[in-house]
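User: I should like to learn how to read the features of a protein model. May we work through one together, step by step?

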Amino acid sequence: MNFSVHRPVLPSIDELRYNTLVLTYFSDERPLRGLSGLVDWRLNGNLSRMVQKGRLTGSWGEQLLYPQCGRLPFQNIVMFGLGDRSRFGSTRFKEISNRILRTLMRLECASFATTLPGRNVLKLVPRQLIDLWLGEFQKVFLSQRYNDLQYDIGFLEPTDFHDELDEPLAMFRRQHISRD
């Protein structure tokens, strides 16, 4: 089990070697922002065109598997709608984290890069967010059936989050090291 934290900037993203990139976006946030906006820029606006055509709405629970065409170092991009920003709280954070992880499990994807979904809207500190996310990760991925997978997970978060995420991720890994 490997966790790492990376800066969400194109030079850093270009160096990553994960199978899948997870993106999230709100239904009432246009244009796409954050990591989704950065990826959209790299994909020459393809995601924005999908939004304009109504193929992507950002509605709660919306999912899209976007096969990557080589402009980023991932085989796939999986996008998840977060719904309206005003309705997004810690309960929704846990629900969407669980949904994302269950989708990745069904895709048999144990190597992915992600952000903490909707973190810019929540009034929680990074430690609280990662603890909630790890709780959902444990529910979904650390079951008997998936005990033997070698997880490689990267978080794309601002530099000021890195120290606050590194400790709980390392502690979680130590607690579950026997499962590796």
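User: How many residues line the largest pocket, and which of them lie nearest its centre?

Analyst: Please keep in mind that this is a predicted model. As a general idea, rolling a probe the size of a water molecule over the atoms shows where empty space is left. In this structure, 19 residues line the largest pocket, and Arg33, Gly34, Leu35, Thr115 and Asn120 lie nearest its centre. The volume of this pocket is about 280 Å³.

User: What classes of residue make up the lining of the largest pocket?

Analyst: The lining has 10 nonpolar, six polar and three charged residues. Strand E2 (20–25) and helix H2 (34–42) each contribute at least two residues to this lining.

User: Let us turn to a residue of strand E2. Is Thr24 buried or exposed?

Analyst: Thr24, which is found in strand E2, has a relative accessible area of 13%; because the cut-off for buried is under 20%, Thr24 counts as buried. Leaving aside residues up to four places away in sequence, Thr24 touches Ser36, Phe80, Leu82, Ile100, Thr115, Pro117 and Gly118.

User: How should I read a helix, and which residues of H2 are buried?

Analyst: An α-helix has 3.6 residues a turn, so residues three or four places apart point the same way. In H2, the buried residues are Leu35, Ser36, Gly37, Val39, Asp40 and Arg42. They pack against helix H1 (10–14), E2, helix H3 (46–52), strand E4 (76–81) and strand E6 (152–156). After H2 comes Asn44, which has a positive phi, near 55°.

User: Why is E4 described as largely enclosed by the rest of the structure?

Analyst: E4 is largely enclosed because five of its six residues are buried.

User: In which sense does E4 pair with E2, and how do E3 and E4 run?

Analyst: E4 pairs with E2 in the parallel sense, over six bridges; here Val22 has Val78 of E4 as its bridge partner. E3 and E4 run antiparallel and are joined by five bridges, with Asn76 of E4 as the bridge partner of Pro67.

User: Finally, what is the mean pLDDT of the protein chain?

Analyst: Where pLDDT is low, the predicted coordinates should not be read in detail. Here the mean pLDDT of the protein chain is 92, and 94% of its residues reach 70 or more.

Note on methods: Residues are numbered from 1 along each chain as its sequence is written. This is a predicted model: local features need pLDDT of at least 70, side-chain atom pairs count only at pLDDT 80 or more; totals for chains, interfaces and linings use all residues. Side-chain values use heavy atoms; hydrogens and water are left out. On a 1 Å grid over the protein atoms alone, a cavity is a set of points where a 1.4 Å probe fits but cannot get out, and a pocket is an open set with protein on both sides within 12 Å along at least five of seven lines; lining residues have an atom within 4 Å of a point. Grid points are joined across faces, edges and corners, and a volume is the space filled by probe spheres set on the points. Helices (H or I, at least four residues) and strands (E, at least two) are DSSP runs, numbered from the N terminus. Ala, Val, Leu, Ile, Met, Phe, Trp, Tyr, Cys and Pro count as nonpolar, Asp, Glu, Lys and Arg as charged, and the others, Gly among them, as polar. Buried means under 20% relative accessible area, exposed over 50%, partly exposed in between (1.4 Å probe, protein chains only). Contact means heavy atoms within 4.5 Å. pLDDT is the predictor's confidence in each residue, from 0 to 100. Two strands pair if DSSP finds at least two bridges between them.
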